[in-house]
Structure formats: structure tokens, C-alpha cells
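Please examine the fold below before reading on. The explanation moves from the whole chain to selected elements and residues.

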Amino acid sequence: MFIVTSGPTGIGKTHQMQRLITRDPRRFTAVQSVTTRPRRDAEDGYWYRFVTRDELAAFDPADVLSNVEFRGERYILLRSEIQKALERAPIAFMAIVTPVILLMREQHIPHAVVCCRVGDKAGYEARLKKRGYEGEAFEREKAAGLEYGYPAVDAAWPQRDVELGVDDADDERFNDAVKDLAGPLFPAELR
């Protein structure tokens, strides 16, 4: 099962997905995407393969599911990466922006969505500051996060909402959303 998370920068999507992957890597894994953006401080290449713009030409166009530009950098999702992830574990995670989710729907790529919403404005602002946003960049990210556009609910594509940054129960709320989508694929010991 391919579960995509959607939500603003800094809300905790990757933290929640990584937490489940770490707890049970036989059942959860990540879909690696390709990007031209610079590597952030602690990134290890688990979620992203970092490439140059020149290296983008090497990808088979038939394998490219989406190739979007965001803030001047390319983000590419490959069909082969989804398949590789699902061969490693029954539940594969990836954080994706709404336009890519809509493209996946147009191309009938099976997926479920966890919409991660801002649960506490002050907590969200603190997360952005912790990630190093300040001044104009902070204001831009905060505004974008509070106005983030989620995909419309569609009966063909299961979707659950979860508020993050509310309190210590974030982990439980995220687990419940994933468990609701994954059903028996979700490990009983994590329920």
C-alpha cells in the first residue's frame, strides 16, 4: 500500500513516517524521490536522491511519474521507486504536494492520503523556527503552511486527516490515521 502524506513544510510529516519506519522496517518503508535541491544539514539521502540538473536527463521519461518545480528546484517521482519500496515492505510512505497527488489520480496510481494539518499555530511557528526559518522566509512558510491546499476528498482514493503539533498525542493520531487506511497491513503490536 502506497500512503502519501500531504501538508505544509515543517508540520512533522517526515518525523511521523520515519518514526513508524524505524519501529518496524519490515512493514514500513520510504519511497525515495529525486531532487535538485541542496541537501539540508542532517539529511542522509534516505528520502531523497540528490542530483544535479544535468543528471535529470538520464531518467527514462516513461519512468517519470511527476517532474515538478518548487522554489526553483526539481522534484521527481519515479514509478520504479514506488515499486522498489513496495517490494521492501507492504506499506510505503512518501510526502507529496497536492498537485502530484492529483497527477497520481489522473494516472490511476494506487494510493491513500494522510492530510497533515496544523493543529496548533504557535507550535507550528516553533517548528519552523527550529528548522532555521526566520524573517521573510519564516513569514512566507508560516503563511503557506496555514493556507496549505489539500487534495479534495475523492471516494476512489482513501484519505484521512490528522492534526499535528497539537500535543504529545501526535504519534497516536498519526498511527490511527495510517491504521485506518492500512487495515490489517498495520502491525498489531503498534495498534
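The structure is a predicted model, in which local features need pLDDT of at least 70, side-chain atom pairs count only at pLDDT 80 or more, and totals for chains, interfaces and linings use all residues. Residues are numbered from 1 along each chain as its sequence is written, and side-chain values use heavy atoms, with hydrogens and water left out.

The protein has six helices and nine strands; helices (H or I, at least four residues) and strands (E, at least two) are DSSP runs numbered from the N terminus. Its radius of gyration is 16 Å, close to the 16 Å that the globule rule gives for 191 residues, so the protein is as compact as a globular protein of that length. Here the radius is taken over C-alpha atoms, and the globule rule is 2.2 Å times the number of residues to the power 0.38. Along the principal axes, the C-alpha atoms fill a box of roughly 45 × 45 × 30 Å.

Of the 191 residues, 47% count as buried, where buried means under 20% relative accessible area, exposed over 50%, and partly exposed in between (1.4 Å probe, protein chains only). The protein exposes about 9,900 Å², and carbon and sulfur atoms supply 51% of this area. Accessible areas come from the Shrake-Rupley method with a 1.4 Å probe; for residues, only the protein chains shown count as cover. Among contacts between residues at least 6 apart in sequence, 68% join residues at least 24 apart; contact means heavy atoms within 4.5 Å.

Two packed helices are described by the angle between their axes and the distance between the axes. Helix 1 (residues 13-23) and helix 6 (residues 170-182) pack at an angle of about 75°, and their axes lie 10 Å apart. Axes are lines fitted to C-alpha atoms, for helices over the stretch in contact, and angles run from 0 to 180 degrees between N-to-C directions. Helix 1 and helix 6 are therefore roughly perpendicular to each other: angles under 35 degrees count as roughly parallel, over 145 as roughly antiparallel, 65 to 115 as roughly perpendicular and the rest as oblique. From helix 1, the residues H15, Q16, M17, R19 and L20 meet D170, D171, F174, N175 and V178 of helix 6. By class, this contact of helix 1 with helix 6 has four nonpolar, three polar and three charged residues. In that scheme Ala, Val, Leu, Ile, Met, Phe, Trp, Tyr, Cys and Pro count as nonpolar, Asp, Glu, Lys and Arg as charged, and the others, Gly among them, as polar.

L164 belongs to strand 9 (residues 159-164) and is buried, with a relative accessible area of 3%. Not counting residues up to four places away in sequence, L164 touches I11, G12, K13, Q16, C116, R117, V118, G119, D120, R127 and D170. The C-alpha atoms of L164 and G123 are separated by 9.1 Å, although these residues are 41 apart along the chain.

G123 is among the buried residues of helix 4 (residues 121-130), together with Y124, E125 and L128. These buried residues pack against strand 8 (112-118) and helix 5 (135-146). Y124 is buried at 2% relative accessibility. Its C-alpha atom is 6.3 Å from that of I11, a residue 113 places away along the chain. Beyond four places in sequence, Y124 touches P8, T9, G10, I11, V118, E141, K142, G145 and L146. Helix 4 is followed by G132, whose phi is positive, near 100°.

R71, with a phi of about 50°, is found in the loop between strand 5 (64-70) and strand 6 (73-78), and is partly exposed at 43% relative accessibility. H108, with a phi of about 55°, is placed in the loop between helix 3 (98-106) and strand 8, and counts as exposed at 61%.

Two further arginines remain. R74 lies in strand 6 and is buried, with a relative accessible area of 17%. Leaving aside residues up to four places away in sequence, R74 touches V34, T35, T36, R53, L56, N67, V68 and E69. R88, in helix 2 (residues 79-88), is partly exposed at 45%. Apart from neighbours within four places in sequence, R88 is in contact with R26, T29 and A30. The C-alpha atoms of R88 and L146, 58 residues apart along the chain, are separated by 35 Å.
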